[in-house]
Amino acid sequence: MKHSFEVDGVDYQFSLSRCQQGYRLRLSNKVIAPVVFSQQGDGRGVLTIAGESEPVRFAIDGEIIHVHIRGRTRILHYRDPLRTLACANNEAHHLLARAPMPGLVVTISVSPGQPVSAGTALMTIESMKLETIIRSPRDGVIDRIHFNEGESFERGAVLVTLSEEGR
Amino acid sequence: MRELPFHTILIANRGEIAVRIIKTLRRLGLRSAIVYHEADAGTPAVSMADTAIAISGRTPIAAYLDIAQIIAAAHKASADALHPGYGFLSENAEFARAVIKAGIAFIGPAPESIELMGDKIRARNFVQRNGFPVAPSAIEEDDPATFTFRARAVGVPLLVKPSAGGGGKGMRVVRDLATLEDAIAQARSEGQRYFGDGRLYVERYVENPRHIEVQVLGDSFGNVVHLFERECSVQRRFQKIIEESPSPALSPELRKRVCETAASIARAAKYRNAGTVEFIFGGGEFYFLEMNTRLQVEHTVTEMITGIDLVAQQIYVAAGRELGFSQSDIVSRGHAIEARLYAEAPERGYVPTTGKVLVLEYPDGDGVRIDSGILQGQQITTAFDPMLAKIIVHSPTRIEAALKAHRAMRELVLLGCETNASFLTRILREEAFLSGHIHTGYLEENPHIASGEPASDLSGFLATAALLTRPVREPADAVPELHAAMGSWRN
């Protein structure tokens with residue numbers, strides 16, 4: 001069975017099976033075996049790959065797994081194979097201006113129904129005391145503005161929806 | 001030594017600096033009181049203080065800028081002195097006056113000194129009049145009508161800065177005069193909102209400069225000493241991220257000259273309490289940048305090399321004591337490096353990150369100091385500055401300090417919110433850092449340091465996560481090894 005983790009926006013597909021001394025992890029470009037992971041409680045564990053062990057710290061938050069190994073930390077997001085399909089293709093005909101970082105809306109420069117061209121300033125957001133102008137990704141008409149001035153949002157939130165002209 | 005005239009000290013701040021101040025208060029046998037916005041409820045500073053008084057505001061930051069509420073809280077806590085920390089109201093003369101008028105000692109300089117040295121323009125003019133070096137600039141309030149014209153005359157590259165600002169906030173570099181007016185408009189808007197003051201000035205931007213600053217300390221009797229320099233050239237977008245002392249860039253003669261110039265500037269200003277004189281250093285020359293009339297984030301490296309508790313000194317000075325040492329008593333020992341842990345993703349243009357701290361484990365050991373404002377379980381939001389903690393190390397030599405800092409950063413575990421920890425680790429083993437050749441534009445010129453290890457091997461991470469994910473592990477466990485092997489035969 002194929003599974004995948006998303007790390008920093010990249011999908012890593014793999015499959016896992018048992019083998020004599022533990023597990024076999026098949027990645028797109030290599031096979032790692034035997035893999036043993038012994039949990040020691042309190043977010044600690046020891047990972048042993050082909051006889052080599054290293055201490056690991058981890059935390060699980062739903063489908064998100066935070067892992068720290070030798071000074072490096074990665075956040076791995078488990079992609080449920082069924083759900084990934086269902087989410088595709090539901091944002092057709094709409095263009096979205098998303099938040100590049102969490103922050104707060106300072107000013108909104110456009111209103112719904114207004115035609116804009118690529119590069120038009122849509123709103124000014126503020127994050128960590130730095131103002132950033134959110135510009136239209138392309139030509140279109142303002143469909144919805146999802147936040148009011150003074151409201152805060154998380155990274156990746158849709159700030160403004162545009163519709164393509166004539167649709 | 002006679003007893004301090006204070007009983008309770010109100011801290012008008014939050015996070016790691018509030019914790020750091022409380023530690024000194026405890027050591028001196030003083031009571032601590034703190035104001036806090038509900039967004040900070042449960043943070044270490046609020047739990048550690050003897051008294052915590054809630055304040056409110058339109059935004060969490062606004063609460064910490066509300067002079068009337070803070071003074072009311074000081075009265076409620078029966079505080080006889082107030083420590084402003086850094087940021088927020090720490091360099092606001094109106095606040096210092098209101099505190100003094102309320103009969104509470106302000107642990108900082110006189111309001112007049114804040115007005116003189118805390119205002120970049122006045123400070124610059126003062127320093128120039130007293131014969132110390134400054135850079136070419138144009139000041140808006142000299143003649144607002146011709147400001148843009150005069151700004152153009154300074155020439156590119158230039159830096160647009162809010163007059164009232166600090167900490168790099170609102171500053172913009174202009175390399176093409178066509179973008180000058182946009183930069184002025186944005187800097188003004190940011191200055192207006194963060195410092196309540198839209199006045200600007202521009203100054204020639206020195207390419208590849210080093211940022212060197214000097215810690216000074218003055219008392220009410222006119223004694224002013226310096227506590228050596230700090231080099232803060234490792235910066236991202238004008239924010240310091242690694243600081244050290246001594247500076248690897250200064251010869252002993254230059255070090256003496258920079259430090260004595262700083263002390264002379266503070267002496268000329270009749271400066272009292274702790275302050276920092278900042279210089280831009282390039283091509284063997286240095287000139288005055290600004291003075292910070294407060295405790296700095298990076299005061300810790302000075303404490304490590306001198307063994308002097310700066311917060312305690314601030315309290316003694318505010319209590320009217322004379323400095324207990326002279327310049328020749330202050331000795332710089334070994335090398336200290338501080339790294340600032342931020343909730344941000346250097347890999348994505350340093351955007352702030354958020355999340356709940358699920359695991360938090362700090363490094364320890366000889367010569368390792370942690371100044372932290374967070375706890376495991378705490379939610380990191382964008383309500384405040386992204387700095388979470390400082391990791392400070394002290395070793396006999398610079399190279400040993402760099403190695404110790406590198407080891408400490410690798411040992412630090414914070415899960416649940418992305419941080420700049422591995423970025424700091426990468427900087428600490430950069431050849432340019434180890435050889436002491438970093439300037440303030442270094443990280444921008446070398447974006448590979450921020451973007452991370454290319455094509456790093458994720459096998460260990462994927463294996464750990466796979467074995468911790470039930471929908472992955474259970475189907476694998478359901479098929480015994482022998483059958484799994486047979487399954488592949490059948491295909």
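This report describes two chains of a predicted model and the contacts between them.

## Basis of the model

Residues are numbered from 1 along each chain as its sequence is written, and chains are lettered from A and ligands numbered from 1 in the order in which they are written. In this predicted model, local features need pLDDT of at least 70, side-chain atom pairs count only at pLDDT 80 or more, and totals for chains, interfaces and linings use all residues.

## Chain A

Chain A has 1 helix and 16 strands (DSSP runs numbered from the N terminus: helices are H or I, at least four residues; strands are E, at least two). Of its 167 residues, 28% are buried (20 or more other C-beta atoms, placed from the backbone, lie within 10 Å of the residue's own).

## Where the chains meet

In total, 43 residues of chain B are in contact with 51 residues of chain A (C-beta atoms, placed from the backbone, within 7 Å). Helix 18 (459-468) of chain B is among the elements that give two or more residues to this side of chain B, and its 10 residues form the largest share. By class, this side has 23 nonpolar, 11 polar and 9 charged residues (Ala, Val, Leu, Ile, Met, Phe, Trp, Tyr, Cys and Pro count as nonpolar; Asp, Glu, Lys and Arg as charged; the others, Gly among them, as polar).

## A helix pair in chain B

The axes of helix 8 (residues 147-154) and helix 9 (residues 180-195) of chain B come within 11 Å and cross at roughly 115° (lines fitted to C-alpha atoms over the stretch in contact, with angles from 0 to 180 degrees between N-to-C directions). B:Thr148, B:Ala151 and B:Arg152 of helix 8 meet B:Leu180, B:Glu181 and B:Ile184 of helix 9. This contact has 3 nonpolar, 1 polar and 2 charged residues.

Methods:
Contact = placed C-beta atoms within 7 Å. Buried ≥ 20, exposed ≤ 12 C-beta atoms within 10 Å, placed from the backbone.
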